[in-house]
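Trainee: Hi! Could you walk me through this one?
Mentor: Happy to, let's have a look together.

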Amino acid sequence: EHLIHLQRRALLNLGLSRIDSRCRDLLSAFFFAPEEQSYEDIARRLNMSINSIGPTRQRCLGRLRKILTEMGEDWYEDA
């Protein structure tokens, strides 16, 4: 189980490395930050409108999903 987790994390990191920096920064702020951040904090740090955070996050997740699918990985559907 630990090995599967490490493999998934490695694939996710590879997928993130193939996405644009804006999406990578936004997704990292939501999912990999050491502590939970508010939309206000994320918007301020990334110099984005708070109203664009949600829609941008959805588009970025879609891009990441597409990249992972192109890599032949559909494991995220099981997670």
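**A first look**

Mentor: The chain has an accessible surface of about 5,600 Å², and 49% of that belongs to carbon and sulfur atoms. Keep in mind that this is a predicted model.

Trainee: How many helices and strands does the chain have?
Mentor: There are four helices and zero strands, so the elements run α-α-α-α from the N terminus on.

Trainee: And what does the C-alpha trace span?
Mentor: Along its principal axes, about 35 × 25 × 20 Å. Buried residues make up 24% of the 79 residues.

Trainee: At what angle do helix 2 and helix 4 pack?
Mentor: Helix 2 (residues 21-31) packs against helix 4 (residues 50-70) at about 105°, and their axes are 9 Å apart. Angles of 65 to 115 degrees count as roughly perpendicular, which is why helix 2 is described that way relative to helix 4.

Trainee: Which residues make the contact?
Mentor: Helix 2 brings R22, C23, L26, L27, F30 and F31, while helix 4 brings I53, T56, R57, C60, L61, R63 and L64. By class, that contact has nine nonpolar, one polar and three charged residues.

Trainee: Switching topic: where is L46 found?
Mentor: L46 is in helix 3, which covers residues 39-46.

Trainee: Why does L46 count as partly exposed?
Mentor: Because its relative accessibility is 21%, and buried would mean under 20%.

Trainee: What does L46 touch?
Mentor: Leaving out residues up to four places away in sequence, L46 touches D25 and L26.

Notes:
Residues are numbered from 1 along each chain as its sequence is written. This is a predicted model: local features need pLDDT of at least 70, side-chain atom pairs count only at pLDDT 80 or more; totals for chains, interfaces and linings use all residues. Side-chain values use heavy atoms; hydrogens and water are left out. Axes are lines fitted to C-alpha atoms, for helices over the stretch in contact, and angles run from 0 to 180 degrees between N-to-C directions. Helices (H or I, at least four residues) and strands (E, at least two) are DSSP runs, numbered from the N terminus. Angles under 35 degrees count as roughly parallel, over 145 as roughly antiparallel, 65 to 115 as roughly perpendicular and the rest as oblique. Contact means heavy atoms within 4.5 Å. Ala, Val, Leu, Ile, Met, Phe, Trp, Tyr, Cys and Pro count as nonpolar, Asp, Glu, Lys and Arg as charged, and the others, Gly among them, as polar. Buried means under 20% relative accessible area, exposed over 50%, partly exposed in between (1.4 Å probe, protein chains only). Accessible areas come from the Shrake-Rupley method with a 1.4 Å probe; for residues, only the protein chains shown count as cover.
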